[in-house]
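The following note sets out points for a colleague who is examining this structure. The points are numbered, and each may be read alone.

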Amino acid sequence: MIISEKELKPKLGSRTALPFWDDEHISKEMLKCHLSFENDLASRKLETIQKTVESIIKETALKPGAKVLDLGCGPGLYTEEFAKRGFQVTGIDFSKRSIAYAKESADKNKLSIRYDYQDYLNLDFDNEFDLIIMIYLDYGALTDDERSILNPKIVKALKDKAYFIFDVYSGEHFKNSKNTSSMDEFPQGGFWSEKPYSLIKENFLYPEALADLTRYKVFQNDRVKTYHIWNYSFSLEALRDAFLPWGKVNKINFKLSTDSKIEETFFVSFLKEL
Ligand SMILES: C[S@@+](CC[C@H](N)C(=O)[O-])C[C@H]1O[C@@H](n2cnc3c(N)ncnc32)[C@H](O)[C@@H]1O
């Protein structure tokens, strides 16, 4: 039987039905990655996070008391830094485990932060925030359709003359991406399951969309679970087009650190101006 490339390569923007961020085991492993500050696997290093928060405050000239929303706040590493500096902060995430950790940590550190366990694609605020952030390349992990849902919701949630600040992969990242395939055995279990499994990891390129997909196939007891992790890269022009009706988009040159992915990424500010 001949299998064509079309059949092997998933459709651009396709998702599988399995939970990822909120999976019982994966979310446990993910939280460990968020909290391990020696690496920048799931969150950046604490020093970079603190520099990012200082740089955002400088960029936006916001004063303590202003209202900040963190989309995909994870365990609350950015929310706490903003709260410590006197901002009124809300964090949204749909990992139950991360939200539970974030709430406990805020209590322990005597910080008043609102946390909502919610899919940010269902965001429903109106004219509420002076600043919305979405950090660690989450914007580009969304598909085109998901971004078309989220963008107007973000705009609606911002006050006039308020900012949405986020980071994305640049075209440089896409240029360095390759079609790859590898297989590994995990006899003691690992990131994808606590029980033994085999893993096929493949990377597919979609030059027409500056996107790449990492597909993980987890084989266990005659069952296979498939996960799709998308990474879209962006030009500034494409982001300007996406937010054109609602305000201005600019690249911001934060000098943050030398952490591994930062060279291929850039920060963007959207200023709502109706
Ligand atoms: C790469 S992590 C970054 C976390 C945090 N911004 C940081 O840098 O420490 C992405 C986070 O977004 C959350 N997330 C992904 N999709 C989401 C969605 N649709 N709604 C709410 N949270 C989401 C995940 O649960 C995860 O905590």
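In which loop does L137 lie? L137 belongs to the loop between β4 and α6. The model is a predicted one, and the points below should be read accordingly.

1. The loop between β4 and α6. Besides L137, this loop holds Y136 and D138. Y136 has a positive phi of about 90°, although Y136 is not a glycine. L137 likewise is a residue other than glycine with a positive phi, here near 70°.

2. L137 has 19 other C-beta atoms within 10 Å, so L137 is partly exposed. D138 is also partly exposed, because its C-beta neighbours inside 10 Å number 15. Along the chain D138 and L71 are 67 residues apart, yet 8.9 Å separates their C-alpha atoms.

3. The ligand shell. How many residues surround the ligand? There are 19, and the closest are W21, S43, G72, G74 and Y136. By class, the shell consists of 10 nonpolar, six polar and three charged residues.

4. Helix α4. This helix spans residues 77-84 and is mostly covered, with seven of its eight residues buried. The buried residues are L77, Y78, T79, E80, E81, F82 and A83. Their cover includes the helices α3 (46-60) and α5 (96-108), together with the strands β1 (67-71), β2 (88-93), β3 (113-117) and β4 (129-134). Just after α4 comes G86, whose phi is positive at about 95°.

5. The largest nonpolar core. Which residues touch the most other members of this core? They are I132, I133 and F166, out of 52 residues in the core. Strand β5 (residues 158-170) contributes the most, namely eight residues. The core lies between domain 1 (24-169 + 235-272) and domain 2 (174-231), because both give residues to it. Leaving out residues up to four places away in sequence, F166 touches I133, M134, I135, Y139 and V268.

6. The two domains. The domain assignment divides the protein chain into domain 1 (24-169 + 235-272) and domain 2 (174-231). Their C-alpha centres are 26 Å apart. To the contact between them, domain 1 brings eight residues and domain 2 brings seven residues. On the side of domain 1, helix α2 (residues 24-35) supplies the largest share, three residues. That side of domain 1 comprises three nonpolar, three polar and two charged residues.

7. Strands β7 and β8. Strand β7 (residues 197-206) pairs with strand β8 (residues 211-220) in the antiparallel sense, over nine bridges. Within this pairing, L199 has V218 in β8 as its bridge partner. The hairpin of β7 and β8 has four residues between the strands, and L210 in this hairpin takes a positive phi near 50°.

8. Strands β8 and β9. Strand β9 (residues 223-234) runs antiparallel to β8, and 10 bridges join the two. V218 is opposite K225 in β9; V218 is also the bridge partner of L199. In the hairpin of β8 and β9, with two residues between the strands, N221 has a positive phi near 45°.

9. K225. Aside from neighbours within four places in sequence, its contacts are L18 and V218. K225 and A42 are 183 residues apart in sequence, and their C-alpha atoms are 21 Å apart in space.

Note on methods: Residues are numbered from 1 along each chain as its sequence is written. This is a predicted model: local features need pLDDT of at least 70, side-chain atom pairs count only at pLDDT 80 or more; totals for chains, interfaces and linings use all residues. A residue is near a molecule or strand if its C-beta atom, placed from the backbone, lies within 6 Å of it. Ala, Val, Leu, Ile, Met, Phe, Trp, Tyr, Cys and Pro count as nonpolar, Asp, Glu, Lys and Arg as charged, and the others, Gly among them, as polar. A residue is buried if 20 or more other C-beta atoms lie within 10 Å of its own, exposed if 12 or fewer, and partly exposed in between; C-beta atoms are placed from the backbone. Two residues are in contact if their C-beta atoms, placed from the backbone, lie within 7 Å. A nonpolar core is a set of buried Ala, Val, Leu, Ile, Met, Phe, Trp, Tyr and Cys residues joined through C-beta atoms within 7 Å. Domain bounds come from an automatic or database domain assignment. Two strands pair if DSSP finds at least two bridges between them.
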